[in-house]
Amino acid sequence: MFESLKPIAKDPILGLMAAFRADKREKKIDLGVGVYQDDSGRTPVMKSVKQAEALLMDLEHTKSYQGIAGDNDYNQQMMSLLFGSNHSIVGSGRLATLQAPGGSGSLRVGAEVVLRARPEAKLWVGVPTWPNHIPLLGSAGFSIEQYPYYDLSTHKINTEAMMDALSQVPAGDVVLLHGCCHNPTGADLTKQHWDQIAQLALDRGFIPFIDIAYQGLGDGLDADAYGVRMMAEKLPELIVASSCSKNFGLYRERTGSITFIAETSEQAQLISSQAMSIARQIYSMPPAHGALLVALILGDDQLRADWQAELEEVRLRIMSMRTLLTDSINNNAAGIDFSHIKQQRGMFSFLGIESQQLERLREEFAIYIVSSTRVNIAGINSNNIEYLSQSIRTVLDAG
Ligand code: LMR
């Protein structure tokens, strides 16, 4: 049977991560996969997470199954994180939130619920977007449409073209938006963009589907949720997939949530039952460990404050690496301006260099960057910045 299978090209991000790990060179830099590294190049377990793990050792008395929707406390806490404690939507009955396996599992459940409700709905994704969005959501059954997002030549959002395209989206279609820290470009929607898109959603009748995987890594926990909170207030329907991989450093624990806002509480209950039947068909129920930790952290004032302080350190370190990288490569002989890196937010920005230059960085200097030229800024540190910037200047100078 299996002889008919064809090999599949490696995943552009996870394949690169494997290649980096296999590289035996001592001096190597991983700017590929979106994982936070501290100034010593490690991806530590956050202290607040360690404390919650110690607490959980005592508190956890069973490994019996959780429900399909995961841990109820976790779901409540995720709502408080996404919407803040005083948002009118919380307590309205119009929310349905389910724990799901990571941001990816959350996106998938969201997609499948939409397609059960409206099989002909199309999904509109910005160009570019996270490379796994299209395989993940397309294989759920969505036909994919695209709207222009980022202009590589100006390193800015192409506002006019984006709004033009979004003003053509038919009623009942779904528009995928990045809540903050746009992956791969680092170019985030401004408040004006968000407000304008919300108005278009109201006028046209399309439904925004917000993927927020980096809350707290851009401008801060509240500022990063502007789009989610404003749309939750203004729109009758909204879908939000969120992830604790990055802001809690729980990558391998697969901790995410999917939230639906419905027009009525009756609809929210229907959505919840449909989402649970979908989860049951795909993975039965989400893994517990990460969600229990998040519930403990967010439910305890001290732990929550500790976690917020740690997250703020992460955010500020990334910002300072943005400045450091920009300043250390802007004086290249080729005269290329990298100031956009300093201005953008989150883990990623495009370098925007030629593919042979990128290739040379990998082959000759063991610097791993995704082929789109997306750089994980969090992989830069005070020990590797000199080697990194010298190497980039060398490949740029060679043309
Ligand atoms: C990334 O974009 O690098 C991360 O979200 C990891 C992944 O799964 O692609």
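Which residues does asparagine 75 touch, not counting residues up to four places away in sequence? Keep that question in mind as you look at the model, which is a predicted one.

## Asparagine 75 and its neighbours

The residues that asparagine 75 touches, once those up to four places away in sequence are set aside, are Ala69, Thr97, Leu98 and Gln99. You can find asparagine 75 in helix H3, which covers residues 72-83.

Is asparagine 75 buried or exposed? Its relative accessibility is 4%, so asparagine 75 counts as buried, the cut-off for that word being under 20%.

## Two domains

Now step back to the whole protein, which is divided into domain 1 (11-44 + 303-394) and domain 2 (65-299). Notice that domain 1 is written as two stretches of the chain. The contact takes 24 residues from domain 1 and 32 residues from domain 2. As for the C-alpha centres of domain 1 and domain 2, they lie 27 Å apart.

## The ligand and its shell

Around the ligand you will find Ile13, Val33, Gly34, Trp130, Asn183, Tyr214, Lys246 and Arg374. Sorted by kind, the residues of this shell are four nonpolar, two polar and two charged.

For asparagine 183, an N or O atom of the side chain is 2.9 Å from an oxygen atom of the ligand. Lysine 246 has a polar side-chain atom 3.0 Å from an oxygen atom of the ligand. With arginine 374, the distance between an N or O atom of the side chain and an oxygen atom of the ligand is 2.8 Å. On its own the ligand exposes 260 Å², and the protein buries 81% of that.

Proline 184 sits in the loop between strand E7 (174-178) and helix H7 (191-204). Another cis peptide bond links valine 127 and proline 128, and there omega is about 0°. To find proline 128, look in the loop between strand E3 (122-127) and helix H5 (133-138).

Next, two residues with a positive phi. Histidine 155 is not a glycine, yet its phi is positive, about 60°. The loop between strand E5 (150-151) and strand E6 (156-157) holds histidine 155, and at 17% relative accessibility histidine 155 counts as buried. Alanine 366, also not a glycine, has a positive phi of about 55°. Alanine 366 is in the loop between helix H13 (355-365) and strand E12 (367-368), and with 0% relative accessibility alanine 366 counts as buried.

## Helix H8 and its cover

Which residues of helix H8 (residues 226-234) are buried? They are Gly227, Val228, Arg229, Met230, Met231 and Ala232.

What covers the buried residues of H8? The cover includes the helices H3 and H7, along with E7, strand E8 (207-212), strand E9 (238-243) and strand E10 (255-261). H3 brings us back to where we began, as asparagine 75 has its place in that helix.

Methods
Residues are numbered from 1 along each chain as its sequence is written. This is a predicted model: local features need pLDDT of at least 70, side-chain atom pairs count only at pLDDT 80 or more; totals for chains, interfaces and linings use all residues. Side-chain values use heavy atoms; hydrogens and water are left out. A residue is near a molecule or strand if one of its heavy atoms lies within 4 Å of it. A polar contact is a pair of N or O atoms within 3.5 Å; within protein, one must be able to donate a hydrogen and the other to accept it, and residues adjacent in sequence count only if both atoms are side-chain atoms. Accessible areas come from the Shrake-Rupley method with a 1.4 Å probe; for residues, only the protein chains shown count as cover. Ala, Val, Leu, Ile, Met, Phe, Trp, Tyr, Cys and Pro count as nonpolar, Asp, Glu, Lys and Arg as charged, and the others, Gly among them, as polar. Helices (H or I, at least four residues) and strands (E, at least two) are DSSP runs, numbered from the N terminus. Buried means under 20% relative accessible area, exposed over 50%, partly exposed in between (1.4 Å probe, protein chains only). Contact means heavy atoms within 4.5 Å. Domain bounds come from an automatic or database domain assignment.
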